[in-house]
Amino acid sequence: MKYEVSFPEGMNGNPICECQKPQFTGIPCNHVLAVCCQRHLNPMNYVSPYYSVENYVNTWSGEFHGFGNVDNWPYDMGAPTIRPDTGKINKGRRKHKRIPNSMDDMEARNRPRSGVQPPEGSNRTRTSGLKL
Ligand SMILES: [Zn+2]
């Protein structure tokens, strides 16, 4: 597949390729590199100025203000203190809060029994475990 590469005037020196990678990334694609190699052009001249070291340094030259340690924060700023509610979280599996209805009974009847099934021909029946 062939891609057409052009170097329009007034586009900040950025080439345009039909693959659209240089337009999106600001970095010359393989097609632009091939044209540059064929015409003895320096491809570094077609990299977006966003990637220059000067712009990179300017981007991160500002001062960052962290939040600091929580213990050093002012205690009362007028907002109420909200603590996590640990009393309602119980250990173990969560229980369903909704009330079972007739649909649950139907699903329970159609659901295959879990666990080990007795072999066919066995006269073993399920017991409650209590012997009377
Ligand atoms: Zn391309």
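Mentor: Residues are numbered from 1 along each chain as its sequence is written.

Trainee: What is the mean pLDDT of the protein?

Mentor: pLDDT is the predictor's confidence in each residue, from 0 to 100. The mean for the protein is 81, and 80% of its residues reach 70 or more. Confidence is highest in α2, at 95, and lowest in helix α4 (residues 102-110), at a mean of 80. Where pLDDT is low, the predicted coordinates should not be read in detail.

Trainee: How many helices and strands are there in the protein, and what pattern does the protein follow along the sequence?

Mentor: Helices (H or I, at least four residues) and strands (E, at least two) are DSSP runs, numbered from the N terminus. The protein has four helices and two strands, and along the sequence they follow the pattern β-β-α-α-α-α.

Trainee: Why does Gln20 count as exposed?

Mentor: A residue is buried if 20 or more other C-beta atoms lie within 10 Å of its own, exposed if 12 or fewer, and partly exposed in between, with C-beta atoms placed from the backbone. Gln20 has 11 C-beta neighbours inside 10 Å, and therefore counts as exposed. Gln20 lies in the loop between β2 (16-17) and α1 (21-25). Buried residues make up 5% of the 132 residues in the protein.

Trainee: Why is His40 called exposed?

Mentor: His40 has 6 C-beta neighbours inside 10 Å, so it counts as exposed.

Trainee: What makes Lys21 partly exposed?

Mentor: Lys21 has 16 other C-beta atoms within 10 Å, and so it is partly exposed. This residue is found in helix α1. Between Lys21 and His31, ten residues apart in sequence, the C-alpha to C-alpha distance is 9.7 Å.

Trainee: Why does Ile16 count as partly exposed?

Mentor: Ile16 has 15 C-beta neighbours inside 10 Å, and therefore counts as partly exposed. Its place is in strand β2.

Trainee: Which residues does Ser48 touch, not counting those up to four places away in sequence?

Mentor: Two residues are in contact if their C-beta atoms, placed from the backbone, lie within 7 Å. With residues up to four places away in sequence left out, Ser48 touches Asn14, Gly26 and Ile27. Ser48 and Gly26 are 22 residues apart in sequence, with their C-alpha atoms 4.7 Å apart in space. Ser48 is in the loop between α2 and α3, and because 15 other C-beta atoms lie within 10 Å, Ser48 is partly exposed.

Note on methods. Predicted model: local features only at pLDDT ≥ 70, side-chain atom pairs only at ≥ 80, totals over all residues.
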